[in-house]
Amino acid sequence: MKPLDPLLHSQLRLAVMSVLMNLDEADFVYIKQQTQSTAGNLSVQLDKLAEAGYITIEKGFAGKKPRTTCRITQLGKDAFAAYVDALRPYLGL
């Protein structure tokens, strides 16, 4: 069996990647709601994914409110697909 990517094996990072796989982009608030995480923990995990090149993070403003937008990169899509493929034998699929 292939080893599982330890970066994606984290529950919250895997949840973030799962959300982003189906969207062009998502803002911090949406990801936080979808993953039911705390702002602090989500921020740390997003930074780890960005450092690995799996996502990009863009900080800006929507009017006067700060807005953080995340997008999955091609490297992230490839890593997610490889993770899912590596997981199949563990599940007997």
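Q36 is found in the loop between helix α3 (28–35) and helix α4 (39–51). The structure is a predicted model, in which local features need pLDDT of at least 70 and side-chain atom pairs count only at pLDDT 80 or more, while totals for chains, interfaces and linings use all residues. Residues are numbered from 1 along each chain as its sequence is written, and side-chain values use heavy atoms, with hydrogens and water left out. Phi of Q36 is near 55°, a positive value in a residue other than glycine. Most residues other than glycine have a negative phi. Q36 counts as exposed because its relative accessibility is 73%; buried means under 20% relative accessible area, exposed over 50%, and partly exposed in between, with a 1.4 Å probe and protein chains only.

The protein chain has five helices and three strands. Helices (H or I, at least four residues) and strands (E, at least two) are DSSP runs, numbered from the N terminus. In order from the N terminus, the elements run α-α-β-α-α-β-β-α. Along the principal axes, the C-alpha atoms fill a box of roughly 50 × 25 × 20 Å. Of the 93 residues in the protein chain, 34% are buried. Among contacts with a separation of 6 or more, 54% come from residues 24 or more positions apart, where contact means heavy atoms within 4.5 Å.

The three strands form an open sheet in the order β1-β3-β2, with antiparallel pairing. β1 and β2 stand at the edges with a single partner strand each, so one side of each is left without a neighbour in the sheet. Helix α2 packs on the sheet and touches β1, β2 and β3, its direction making about 85° with that of β3. Such angles run from 0 to 180 degrees between N-to-C directions, and axes are lines fitted to C-alpha atoms, for helices over the stretch in contact.

Two strands pair if DSSP finds at least two bridges between them. Strand β1 (residues 26–27) and strand β3 (residues 65–72) pair in the antiparallel sense over two bridges. Strand β2 (residues 55–62) is joined to β3 by eight bridges, and these strands also run antiparallel. T69 in β3 is the bridge partner of D27 and also of E58. T68 in β3 is the bridge partner of K59. β2 and β3 form a hairpin with two residues between them, and G63 in the turn has a positive phi of about 70°.

Two packed helices are described by the angle between their axes and the distance between the axes. For helix α2 (residues 11–21) and helix α5 (residues 74–91), the angle is about 115° and the axes are 11 Å apart. This angle makes α2 roughly perpendicular to α5; angles under 35 degrees count as roughly parallel, over 145 as roughly antiparallel, 65 to 115 as roughly perpendicular and the rest as oblique. The crossing of α2 and α5 is left-handed, a term used if the near helix is turned anticlockwise from the far one by less than a right angle. On the α2 side, L14, M17, S18 and M21 meet G76, K77, F80 and Y83 of α5. By class, this contact has five nonpolar, two polar and one charged residues. Ala, Val, Leu, Ile, Met, Phe, Trp, Tyr, Cys and Pro count as nonpolar, Asp, Glu, Lys and Arg as charged, and the others, Gly among them, as polar.

Two further residues were examined in the helices. Q45 is found in helix α4 and is buried, with a relative accessible area of 9%. Leaving aside neighbours within four places in sequence, Q45 is in contact with S10, L12 and R13. P89 lies in helix α5 and counts as partly exposed, at 40% relative accessibility. The C-alpha atoms of P89 and S43 are separated by 32 Å, and these residues are 46 residues apart along the chain.
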